[in-house]
Amino acid sequence: MSARVRAARLRALLLTLVSLCVVAGTAAGCTSGDDERPRVVVTTNILGDITREIVGDEADVSVLMKPNADPHSFGLSAVQAAELEHADLVVHNGLGLEENVLRHVEAARASGVATFAAGEAADPLTFRTDREGGPDSGAGEPDPHFWTDPDRVRKAAGLIADHVVEQVEGVNAQAVRDNAARYDGRLADLTAWMERSFASIPEGRRALVTNHHVFGYLADRFGFRVIGAVVPSGTTLASPSSSDLRSLTRVMEEAGVRTVFADSSQPTRLAEVLRQEMGGDVDVVPLYSESLTEKGKGAGTYLEMMRANASALTEGLTRHRPAR
């Protein structure tokens with residue numbers, strides 16, 4: 001075999017080994033210093049966006065929930081479950097939101113991983129409506145959807161920063177604090193902007209009906225009334241009964257409400273059923289209530305999502321028609 005052929009085969013072998021290192025990443029001799037970077041794992045994509053704003057470049061942030069997913073029903077792969085147990089910090093919503101993920105978070109905590117339940121630290125509310133005609137099946141349960149109130153998100157964001165500084169080794173504490181301060185200012189601006197937007201909605205039209213209970217915190221903060229939900233629960237996994245629908249349509253008729261707000265990541269079939277119950281005289285307005293979208297698709301960040309929702313709520317409630 002000529003020296004030229006041997007050299008060519010050696011080059012090919014080296015290229016193959018390099019390719020395997022790139023693909024595998026964890027093969028012997030192929031690991032890099034990046035594997036030693038601190039790691040924060042976040043369950044939902046809404047909290048993931050908030051956490052990334054706070055952490056910045058100080059650690060790797062891995063978000064388990066994909067865009068447009070439902071936090072009540074999304075599950076983890078074996079690889080994602082392993083990520084939780086190898087994290088320096090796990091940030092999750094809590095209050096029963098991530099129904100199929102909680103056991104993995106608890107397993108990570110039991111193995112010694114630091115965890116933080118943002119919703120449980122943000123002055124949680126219980127489900128409450130102004131609906132008459134019988135108890136609501138969600139009443140008395142903790143409401144996990146705290147992010148619909150940007151002031152509660154400000155509190156949670158500050159606490160996330162505290163946990164990153166205190167529990168994630170290797171981060172620059174001042175950089176994290178500076179990131180958190182900048183983001184806090186943007187959240188304060190969001191609250192002020194939402195207040196101005198909602199000011200145009202007459203008091204008599206500030207009644208909300210959604211596909212499930214999701215805007216209790218927004219109602220509490222900005223002066224709305226939640227009169228009911230198509231699914232009378234805080235989870236999208238529940239289903240309404242015929243009596244639930246009859247009760248809700250009666251309340252909507254009495255309140256003169258003709259707008260139902262349905263999450264954009266979920267099929268609106270339940271809201272469509274309500275439309276049929278009321279003779280088709282109902283507007284179904286999509287909102288980004290449970291999940292972010294891909295970048296550039298309407299709600300790629302928490303701030304973008306909240307502004308889009310405020311605009312949709314304002315338009316939907318100011319244009320709705322009085323009851324016939």
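Biologist: Which backbone oxygen does the side chain of Arg 152 reach at 3.0 Å?
Modeller: The side chain of Arg 152 reaches the backbone oxygen of Asp 123 at 3.0 Å, and the backbone oxygen of Ala 122 also lies 3.0 Å from a polar atom of that side chain. A polar contact here is a pair of N or O atoms within 3.5 Å; within protein, one must be able to donate a hydrogen and the other to accept it, and residues adjacent in sequence count only if both atoms are side-chain atoms.

Biologist: Before I go on, what sort of model is this, and how far are local features trusted?
Modeller: This is a predicted model, in which local features need pLDDT of at least 70 and side-chain atom pairs count only at pLDDT 80 or more, while totals for chains, interfaces and linings use all residues. Residues are numbered from 1 along each chain as its sequence is written, and side-chain values use heavy atoms, with hydrogens and water left out.

Biologist: Back to Arg 152, then: is it buried or exposed?
Modeller: Arg 152 has a relative accessible area of 12%, so it counts as buried; buried means under 20% relative accessible area, exposed means over 50%, and partly exposed is in between, with a 1.4 Å probe and protein chains only.

Biologist: Where is Arg 152 found, and what does it touch?
Modeller: Arg 152 is found in helix H5, residues 150-167, where helices (H or I, at least four residues) and strands (E, at least two) are DSSP runs numbered from the N terminus. Leaving aside residues up to four places away in sequence, Arg 152 touches Ala 122, Asp 123, Leu 125, Phe 146, Tyr 217 and Asp 220, a contact being heavy atoms within 4.5 Å.

Biologist: Changing topic, how many helices and strands does the protein have, and how much of it is buried?
Modeller: The protein has 10 helices and 8 strands, and 48% of its 324 residues count as buried. Among contacts with a separation of 6 or more, 66% are between residues 24 or more positions apart.

Biologist: In what order do the strands of the open sheet run?
Modeller: That open sheet has 4 strands in the order E2-E1-E3-E4, with parallel pairing, and two strands pair if DSSP finds at least two bridges between them. Strand E2 (60-63) and strand E4 (114-117) stand at the edges with a single partner strand each, so one side of each is left without a neighbour in the sheet.

Biologist: And what about E3, how many bridges does it have to E4 and to E1?
Modeller: Strand E3, residues 89-92, pairs with E4 in the parallel sense over 4 bridges, and strand E1, residues 39-42, pairs with E3 in the parallel sense over 3 bridges. On the E4 side, His 92 stands opposite Ala 117 and Val 91 stands opposite Phe 116, while Val 40 stands opposite Leu 89 in E3.

Biologist: Which residues of E3 are on each face?
Modeller: Leu 89 and Val 91 are on one side of E3 and Val 90 and His 92 on the other, and as all of them are buried, both faces are covered.

Biologist: Now the helices: at what angle do H6 and H10 cross?
Modeller: The axes of H6 (residues 173-198) and H10 come within 10 Å and cross at roughly 5°. That makes H6 roughly parallel to H10, since angles under 35 degrees count as roughly parallel, over 145 as roughly antiparallel, 65 to 115 as roughly perpendicular and the rest as oblique. The axes are lines fitted to C-alpha atoms, for helices over the stretch in contact, and angles run from 0 to 180 degrees between N-to-C directions.

Biologist: Which residues meet there?
Modeller: The H6 residues include Tyr 183, Leu 187, Leu 190 and Trp 193, and the H10 residues that they and others in H6 meet include Leu 303, Met 306, Ala 310 and Leu 313.

Biologist: Last one, Ile 54: where is it found, and what does it touch?
Modeller: Ile 54 is found in helix H2, residues 45-55, and counts as buried at 0% relative accessibility. Not counting residues up to four places away in sequence, Ile 54 touches Ala 157, Ile 160, Ala 161, Val 176, Asn 179 and Ala 180. Ile 54 and Arg 177 are 123 residues apart in sequence and 7.7 Å apart in space, C-alpha to C-alpha.
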